[in-house]
Amino acid sequence: MVIQAERPNISHKVPKARRDYNSWVATETLEDYALRFAPKSYRKWSELLVANTAIGGISFLALEAIGGSLAINYGFANSFWAILVVSVIIFLTGLPIAYYAAKYNIDMDLLTRGAGFGYIGSTITSLIYASFTFIFFALEAAIMAQALNLYFGLHLAIGYVICSLIIIPLVFFGVTLINQLQLWTQPIWFVLMVIPYICVIYKEPDALSNWFNFAGNSASGAGFDPLLFGVAATVSFSLIAQIGEQVDYLRFLPDRKKGNCWRWWLGVIGAGAGWIILGGAKQLGGAFLASLAVSQGVSLESAKEPIRMYLAGFADVFANPEIVLAVGTFFVIVSQIKINVTNAYAGSLAWSNFFSRITHSHPGRVVWLVFNVAIALLLMELGVFHTLEAILGLYSNVAIAWIGALVADLVINKPLGISPSYIEFKRAYLYNINPVGFGAMLIASAVAIASFLGAFGDFPRAYSSFLALGLAFILSPIIAFLTKGKYYIARQNPYFLSNNTYSLVTCSICTQDYEQQDMAYCPIYDSNICSLCCSLDANCHDSCKKTEANKYQPVFDCLEKIFAAKISPQLSKRLLKFGIIFSLVSGAFGALFVLVYYQSISTTIEFSQTDYLRFLLLKLSAATVMIIAIGTWWLVLSEESRFLAQEELDKQNIQLQQEIKERYAAEKALFQLTDELEKRVEKRTAELQNALDNLRSMQLQLIQSEKMSTLGQLVAGVAHEINNPLSFISGNISCAQTYLEDVFNHLELYQEQFPNPGAKIEEDAEEIDLDYLKEDLPKLISSMQEGTERIRNISTSLRTFSRADTDSKVKFNLYEGIDSTLLILKHRLKANNKRPAIEIIKEYGNLPPVNCYPGQLNQVFMNIIANAVDALDELNQGRSYEEIESQPNRIMICTEVNPEQTSALVRIKDNGVGMTEEVKAKIFDHLFTTKTVGEGTGLGLSISRQIIVEKHQGKLECNSVVGEGTEFIIAIPL
């Protein structure tokens, strides 16, 4: 169970409705946990394999295209230093992002949620990230289409379609297939990428010098110009969002442990922030190849195309132009497939995250995969490659403001304790909007875009990207300090860090099992809910977070103060919704028109055509804005109608719930009454059962006591009757022996005095064999003496076994009790016509005398050993005499003192049939027996346990295995 945090005061509960997903969504290998963190069960790849897959994602030739475009437009010095400085900044900003994403196994969107942007705030950043993926998908597919155009003569428009469609099936099965694709293509791609540079430097030593002096179209030539450097840096800064694609794979890293610590850090640094090391090198390589292509006669416009760059490089590798074109085309295709599977995969995740929160619907990642590719195809058809700098320059200002605010929260706010130390990404515990990151990003991007468009002059325009980064980085901790960090967590989840186990918990909505970190307690449904179902729920209206702490968020508080007295509350809500939706939609259309405009003027030659096109686009934009405004207002009203209908349904639902509660209360009262009656009956039945059990116990004790008393009296009487004649015989034997010795001595004296006794005496001596008689008669007397001693020992043992216990314990040697018991049972141990004799093995330790009731202990020994004999007899049933002899019957008796020197232990073990668990559970019950009717009253173990446990405060335990035998362990305190 997930530990439930403090429950908010919810006035009513919403009935649970099971959510069933379509097959694509339910198959998690296809979805790759798009809306949640990567659980341990899906992090089954090694650190090096994950890192290799992430590194494979930076094979994109847009890096070379950006480097070549910067070198052509701004010259060597400006492009070189812009790429170098921006690469260092991207590395520093990417390091904390990669670390937190790998540590908490979450993607860029979930990381943004918990690092200052809030649940809905991160939705905007999902759009930014999605824009990055489809822009670069379009650029990469356009580059591949250019290669296909050169090699096959395929028209670019058709090439764009082909280069888009071939990516979809490769991304369909998610990260598993991408892993294999990157693994197998990595060596080929790396070799083909590096070999042109080696051959060019070897065969054309002047190529580097030509690059250092390359001016392109730069107004400053090959020299350095601060303004051109800033513009070039703004374009290069557009790559800062690439860290999002890297952490899409780094979240699959295994947990960091002692054994994999260095591999884990190598993956985080090398494949995370370290992507820019190879990325920066590829940009510089693109600038170098662009200068090489120009030196070989390629036009400045065509030299920006990566296929032209690498054809110039491969010309120094292969002498045959056809091989150069074939290898160059193959390299471009491999590179672009490697990167576009990553772009498409990351874009599908971003769109899935965005629309699931806006629409509360999740049709599946594959749907958004097609959507992302379709947008990229539209951009390609509009000629995105020809407006590369304008698009990337505008985009980079927004992207870097996002990354700057995010990094500031990770490296400043969290160490200072303003932000929570962990990453909370679940909707159930987050505010929709956190002004810390979201506000810092909006302000920084707005100022940076205004600067980029020239609102503040040339210098701020050139350095708009640095302005966006600096403002976002500074504003984030300032806003966090002013708001005291209270907009990070809407309601506490104090058990987040303690729920670090990987045990699975079932979601009450979709009934799927997820790890604890991905679960939350929902007070609306009064049960556990997974983060995906929580994101898709449209009925709760975030009721779990409507506490005093978040009633008045800053934006709504300010609007309420300004407009409360002037506009009705209903109209103000409508206007607010209208403003938000209108801004988003019109902004999207505006960006599209700007894209069309830049693309058109870049391919238009005469001024009059450009002026006419601008006028046409302005009129078209104005008409579109009017249509958008009408459509937005209709959308607001329809949404409001739907919301009112939902409220009415909720009211009826509440009434129905109240009626159900009343009926439930009546049913509960009836149930309680029935339950009370049942408990009374159970109590009275239990009392009667106790009385019956006590009666049975007393009956058993009486039977056992009477049996042992009768046996004791009989044994004592027999011992007494034997003892009297035995004493008489024993005493007379010694006298007889003395008399015989005297007679023999007297006879010898006669023989000495009368050596010739006469013939008659000699005949009689010979007839009675006098010599043998003199020799054998002493032996006969000695044998009679041994027999009387043996009878005396038997008598002593009988008296020991039958001794009556006193009211208090006495010192008793346990060996005497065991031996006397064996003597009583000796007739049962002897061989018979069914089996050989039972072998008794004694392993006696050095036991001191024990304070006990000897007679009662003898009774225990008698019961256990008699049961052992019965078990052996049962084992021998149906077996031949030869089979029994091959496996002798044994009873082993061991005594010892336990290691703590507190108890004397007696172990009695047989190798009989053993007991099942069912029989073993009942052996200490009153009157329980395994014998047939008429063979006995029970096993005698119930009274034995009472003697050991109640009378002697000891223990009686039983170990038994079917077919191996049974062992009883008696522990008597010393």
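Start with lysine 484, which sits in the loop between helix H21 (464-483) and strand E1 (504-506). Keep in mind as you go that this is a predicted model. Check the backbone here: lysine 484 has a positive phi, about 60 degrees, although it is not a glycine. Is lysine 484 buried or exposed? With 72% relative accessibility, and the cut-off for exposed being over 50%, lysine 484 counts as exposed.

Next, jump to glutamine 953. You'll find glutamine 953 in the loop between helix H33 (941-951) and strand E10 (955-961). Its phi is also worth a look: a positive value near 55 degrees, in a residue other than glycine. Glutamine 953 has a relative accessible area of 52%, so it is exposed as well.

Time to go inside. Select Phe60, Ile97, Phe136, Trp402 and Leu406: these have the most contacts within the largest nonpolar core, a set of 157 residues. Which helix gives the most to this core? Colour helix H4 (residues 62-104), which supplies 21 residues.

Stay with isoleucine 97 and show what surrounds it. Setting aside neighbours within four places in sequence, isoleucine 97 is in contact with Met108 and Leu111, then Ile243 and Val247, and finally Ile403, Leu406, Val407 and Leu410.

Last stop: pick Leu822, Ala868, Ala904 and Phe928. They are among the 39 residues of a second, separate core.

Note on methods: Residues numbered from 1 in each chain as written. Predicted model: local features only at pLDDT ≥ 70, side-chain atom pairs only at ≥ 80, totals over all residues. Heavy atoms only, no water. Helix = DSSP H or I, 4+ residues; strand = E, 2+ residues; numbered from the N terminus. Buried < 20%, exposed > 50% of the residue type's maximum accessible area, 1.4 Å probe, protein only. Core = buried A, V, L, I, M, F, W, Y, C linked by side-chain atoms within 4.5 Å. Contact = heavy atoms within 4.5 Å.
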